[in-house]
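Please look through the sequence and the structure before reading on.

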Amino acid sequence: MRFRRGLATIGDMSAEHQTRTFPDPARTKILTAFFADGRLTGVPAKLSKRLVVLDELAQSFEPGVRYPEREVNEILRRFHDDYAALRRYLIDASFLSRSEGLYWRSGGSVEA
């Protein structure tokens, strides 16, 4: 019975409320500290902060799209000159996967 009431409550919620996203102040603080003018100023040493930065970089790759290494490098070069290190960090943290010279987004947050 509680389950049905819960479903009814969800059904009554306005579409605006269901799709509204709320900014995460901690995430914003980290991104502000490590990005300036759209460029990455440094890679955080602390893993939790590095994962936030990598998640932000992963947003540059469309889910389901396969990218050749050259294109991945071009995308990452927009953020930092050491694109090879960024590519490695993204792979190591499972934000990107690769096989046979192609890369694809395999992790990270997705906007609703």
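Is R39 buried, partly exposed or exposed, by relative accessible area? R39 is partly exposed, with a relative accessible area of 30%; buried means under 20%, exposed over 50%, and partly exposed in between (1.4 Å probe, protein chains only). The model is predicted: local features need pLDDT of at least 70, side-chain atom pairs count only at pLDDT 80 or more, and totals for chains, interfaces and linings use all residues. Residues are numbered from 1 along each chain as its sequence is written, and side-chain values use heavy atoms, with hydrogens and water left out.

**Helix packing**

- Two packed helices are described by the angle between their axes and the distance between the axes.
- Helix α4 (residues 47-58) packs against helix α6 (residues 83-92) at an angle of about 105°, and their axes are 10 Å apart.
- Helices (H or I, at least four residues) and strands (E, at least two) are DSSP runs, numbered from the N terminus.
- Axes are lines fitted to C-alpha atoms, for helices over the stretch in contact, and angles run from 0 to 180 degrees between N-to-C directions.
- α4 and α6 are therefore roughly perpendicular to each other, a label for angles of 65 to 115 degrees.
- On the α4 side the contact (heavy atoms within 4.5 Å) is made by R50, L54, L57 and A58, and on the α6 side by L86, Y89 and L90.
- Six residues of this contact are nonpolar, one is charged and none is polar; Ala, Val, Leu, Ile, Met, Phe, Trp, Tyr, Cys and Pro count as nonpolar, Asp, Glu, Lys and Arg as charged, and the others, Gly among them, as polar.

**Salt bridges**

- A salt bridge is a side-chain nitrogen of Lys or Arg within 4 Å of a carboxyl oxygen of Asp or Glu, and by this rule there are six.
- One of them joins R27 and D55, whose closest N and O atoms are 2.9 Å apart.
- R27 lies in helix α3 (residues 25-34) and D55 in helix α4, so the pair ties together parts that are 28 residues apart in sequence.
- R27 is partly exposed at 24%, whereas D55 is buried at 8%.
- R27, D55 and E56 are linked in a network of salt bridges.
- R39 forms a salt bridge with D81, with the closest N and O atoms 3.2 Å apart.
- This pair links strand β2 (residues 39-40), which holds R39, to the loop between α5 (69-77) and α6, which holds D81, 42 residues apart.
- D81 is exposed, with a relative accessible area of 59%.

How values were computed: Parallel < 35°, antiparallel > 145°, perpendicular 65-115°, else oblique.
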